[in-house]
Every structure is written in C-alpha cells, then in structure tokens.
Amino acid sequence: MKKVSIITILSAAVILVSCGGDVKRNPGSVYMPDMAYSRAYETYSDHSNLEEQGIHYNNRPVAGTIARGEEMPFPLQKDAAGDTANYAASKQIQNPLAALDAKDLKEAERLYLVNCGICHGTKLDGNGPLYKDGTGPYPAAPKNLMTLHMPDGQMFYSVTYGKNMMGSYASQLSRKQRWMVIHYIKAKQAEANAAAAPAAESTDKK
Amino acid sequence: MIHLRHFAGKLILGFILALIFQLGNSAKAQDGKALFTANCASCHKVHERMTGPALEGVEDRWPDKKKLHAWIHNSAAVLASGDAYANNLFNEYGKVAMTPFPSLSDKDIDAILTYIKSVPKVDPSKKDGPTAKAEGGDNTLLFGILTLILAVVAFVLLQVNSNLKKLSDDKAGVPAHEPVPFWRNKAYIAFLTIILFLLGGFLVVKGAIGLGRTQNYEPKQPIFYSHKVHAGVNQINCLYCHGSTMEGKQANIPSVNVCMNCHMAINEYKGEKLFTAEGEEVNGTAEIQKLYKYAGFEPGKAWDASKAKPIEWTRIHNLPDHVYFNHSQHVKAGQVQCQTCHGDITKMDEVKQFAPLSMGWCVNCHRETKVQFKDNGFYSIYEKYHQDLKNGKLDSTKGITVEMIGGTECQKCHY
C-alpha cells in the first residue's frame, strides 16, 4: 500500500514538472481577486449588461459638444447612396488650419506614414507596401497622391466618409489630424512642383 | 530548287509578318496594362467584382461598342440618355457613379480592352501554394522511450547483480539473512522524504509566485489574426490599429471598421501557410470570411457598417487593478518602442505575453532605462537636472534614469 502511494506521488510530481513547456492557453488564477479586478468599469471590461444593473451609461460624447483642442465639425453629412451633392459641395470648404510649421509638419508626416503610407506609399506615389506594383495583397491600385488634384475640402470628405475601396478614417484620425495630413500632402505636392518647375525651365533654356 | 527557294522566301516573309503582328499585339496589351493600372485598377479587377463590376467579357455585355466608349468617356451622360443596361448597372452597384475619363482616346480604350482579354483566369483550387514548412520534429517521445528502455535495462542488471551476489554468498557459506525490502529501508525513506520536501517546496513557491502572472499566455482568439502577416510581412505600423497608444492609458483594440479598411478589398489569403501554436494548419481565407460574418459584409456589395458586430478578442496583457499603467506616458513621453515590452510581435502568428509584467520587471527597467531628456517637452520641468547636465555635475553619458525622476516611488504606480 505504502509502495503504491509513494510511486503515485512521485510520478505525479514528475508529470507536473514535465508538463510546464506546452502552449499556455489558460491565464491561470490570481490571488486576492478583489485587488486584481477593478470594481470601477475599466475600458475593456464587460459593458454589455449595464442596463440590467440600472446603470444608464452611454460612452459617447454629449451631442453637439466639441472636445478641447479639437476642430469644429465638418458641416457636410455623408451622401446618401447614389447622391454626390455633398461630395461636390465639399470642394468649397477650406482647410481651417493655418499652414503647418516644421514641428507640426513632422507630426503630420508621422500620421501620414502610420495611416496612409501603407497603401498610398511613403513617397505618396500610390505604391505602398500593401500594393507593391500589384504584387502585394491589396488588389486595387491606390491613388497616386502626388498627381491628385483634389481640393482640401473634398480630400477631407473622402478621408472622413471613405471613397470607393478606401474606408472611413474618422475613427483613427481626429478632425485636426485629418486636416494636418491634408496639409502635409499639399506641402509635398508643392515641393515636387517647385522642384519640377526649375528643372523644366533649365531644359527649356537648353 | 527555285521552286523551293521561292517557297522558303514566302515562309520567311510570312513568319516575319506574323512576328510583327504578334509584337504589335503584345505592345498593345502592354500599353493596355499600364493604362488599366493607372485608370481602372482602383475600382475594377478583371475577374472579380470590387467597387465596380469584373471587366472580363465587358465587350460582350454591352450591346454596342460605341456605347461602351461613351460610358467610359462620360458615364453620367449615358445614364442621362436613359440607357436601360447602364441604369441597371448603376443601380446594381449601389449608385456609385463611375469616374469619367474624357482624356482616354478610343485607341487607349481599345488597348485596355485588349489587355483585359489577355489576362488569364487563375483557378484558385489549382494554385500551388508555397511548399509546406518542414515539420520541426518533436523528439520528446523518442527520448521518453529511450529513458524507459534504459531504466528497464538498469533494473534487470540490478536484479542480475543481486542474484549473482546471492549465489556467491551461498557458495562462500555466508548465511543468507532475510533482505529488508526497500520501502522499509530507513535510508531510502529518509532520502525520499528529503527529495519530496524539496520538490514540494519548490513547486509551492513557484506556484505562489506565478499566481496572477501570465507570462507566455497565448489564448485562442475568435479569429486567427496573425500579427506576423500584418505587422511583419505587410509592414503595417502598430499604431495603424492601436492608435490610441499615443493618446491614452489604454492601447486600443481595433474595431471592425479598421479591419475593413483593407479587407473590403482583400478577401483571400495568398501568403505563406499559417499554423497555430499546436501546429494545426489554418486556412487564412476562411479566417477572413469569419471577419466578414462579424462585419455583415458580402464581397462585391457595398458595406453597411451599421450591421457590424464587435469581435470579442481575448485580452492578453492584464495588470491587476492595484497597479496604474499608462501607455501614452511610456510610448509618447518616454519614447519606448512597443517591442520592448511586447516582444517581437512581427514574428508572432499568435501573440503571447512576452514580458512577465511582474513588479520586479517594471522596477528593473525603471532603474536601468535612461529618460529621453533631450528636446522632450515632457521633462522640461526638471530644471535642476538640465542645469547639472549642462555643468557637467551629472555624467551626460550616464544620463538620467527613470528612477532619478521618481520612477521607483511606490505611489507612482500604486495609488
């Protein structure tokens, strides 16, 4: 009897030790759960049954309010399917931000590279890593932003509500950030034009 | 002989003519490809519908070639003329108007149409994918069997040894005494007790320290989302999906619309084979279909984002409630790279917790890490340190550690 129990304990210990290296699909347990789990509702806690508990919480900003430091809302709504009135009207809207200084331009470049460069290319040439001349996974050719002549307002409309295969970036970039990125694209275009113009002149002279 | 030469001459002439024709034709298709990529490819594919219809056989569908040209030049005019086919098409594709291309000449359009005809259809079932990864080979079983065999051999040899001893004792006339079985042998019992005590103590302490720590936690997610494919192979920036890392306490988990930014168009997986941590093969295209189910999206149709349901991803990195951690403080002010704490995410198919997230690990990093003091507005208030660095009172090569600005004070993280 003793022999059996000793052998069982030993083999159990060996199994316990040897099973440590597998894929860990289970998070394990915590000590003092009241200190580990928040009583307050944290960002990614379960919000699904708040109503049942009598908590009337809507995690959206109050309608009509604007966060501090944020730009005024875009005056145009998204067009209904088949209508392009607002898209056409968006041409008239000006960029509310003044031209960016060097520091803001650098931030705008960062935002562009994070959010846009993946398709439209780090050089704005419509050939980002997702397209790669058609060998990447993205099947549609992104627009070449260097040759795109689109007024600021219409660009904002497209980035906010999406256009063709491009989705809306309203959830990823704040209004201010969107206007900054548009400034950045326009600055890059102006830079390229300025570089091209003297070159063209010099060839003309020859 | 003359006859033959004449014939050969004719043959060569014909061959040259055919070659020229062929070259001309392929040149046309080449032009067409360039024109197609520049003008059409952002909305159309040849064999699949995207924003607009698949263009294969487009000439046969239109009743009249002139009308097709007119449609490409200015679709709105054709719609206004009340053409039935054009209006049906317009309604079928969610009333998204086709961009007018007045600059394309008739020749250009013909070149595009020639190119469309020249694109062969790829049968997805016959596509030979990349060759399977060589099986890593798990040798545990082999070693186990080997150990068992050796143990049996050792046992047999011990038995043989004791039998031989008994025989030799018998011969020498040494009186055989009743042997004490090993479970009653006090030396054995003492030895075993010590071993068990040490082993038990080790396991208990290890388990107690591990309570609440989830290093290497690698849960199964509702969709097999490979960070290696997205952030590694396709070079998508971490902040594309987890953008609020720069602005808030939490690094956000992306919502379905962020996935759909790309997956509205990318509806199949063509990269290297995918495997779960257990080694089962995963069908990437089927996983994209799972996303479409959550999003309420059907490829080829306009997506109504209001039909989407959130995906309940399993959170991997959790800190207990009695610790405060803020992402923006580390990533924006401290300029710490994501990989410092999350490991090489770009090589993980399934993400697992890289860091132990224990207090010792936090404090250690705070002691060793230099603060990015230079040109960083967040630390401009530490005037004395800036002064000392300038005067040379503090060694600027050693810099200022997080500890020096209070990074190991209890109430920095526990309050």
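Chain A has seven helices and zero strands. Helices here are DSSP runs of H or I with at least four residues, strands are runs of E with at least two, and both are numbered from the N terminus. Read from the N terminus on, the elements of chain A go α-α-α-α-α-α-α.

Before I go on, the ground rules. This is a predicted model, in which local features need pLDDT of at least 70, side-chain atom pairs count only at pLDDT 80 or more, and totals for chains, interfaces and linings use all residues. Residues are numbered from 1 along each chain as its sequence is written, and chains are lettered from A and ligands numbered from 1 in the order in which they are written.

Back to chain A. Of its 206 residues, 22% count as buried; a buried residue has 20 or more other C-beta atoms within 10 Å of its own, with C-beta atoms placed from the backbone. Next, contacts: two residues are in contact if their C-beta atoms, placed from the backbone, lie within 7 Å. Among chain A contacts with a separation of 6 or more, 53% are between residues 24 or more positions apart.

Now chain B. It has 17 helices and two strands. Its length is 415 residues, and 14% of them are buried. For contacts in chain B between residues at least 6 apart in sequence, 65% join residues at least 24 apart.

The domain assignment of chain B lists domain 1 (24-118), domain 2 (180-211), domain 3 (221-353) and domain 4 (358-415). Such bounds come from an automatic or database domain assignment. Between the C-alpha centres of domain 1 and domain 4 of chain B, the distance is 62 Å.

How do the two chains meet? In the model, 42 residues of chain A are in contact with 50 residues of chain B. On the chain A side, α1 (2-18), α2 (33-36) and α4 (102-115) each supply at least two residues. The largest share, six residues, comes from α1(A). By class, that side of chain A has 24 nonpolar, 13 polar and five charged residues. Nonpolar means Ala, Val, Leu, Ile, Met, Phe, Trp, Tyr, Cys and Pro; charged means Asp, Glu, Lys and Arg; the others, Gly among them, are polar.

Last, confidence. The model scores ipTM 0.83 and pTM 0.71. pLDDT is the predictor's confidence in each residue, from 0 to 100. Chain B averages 82, and 88% of its residues score at least 70. Over residues 124-136 of chain B, pLDDT stays under 50, and the model has six contacts beyond four places in sequence for them. Where pLDDT is low, the predicted coordinates should not be read in detail.

Methods
A residue is buried if 20 or more other C-beta atoms lie within 10 Å of its own, exposed if 12 or fewer, and partly exposed in between; C-beta atoms are placed from the backbone.
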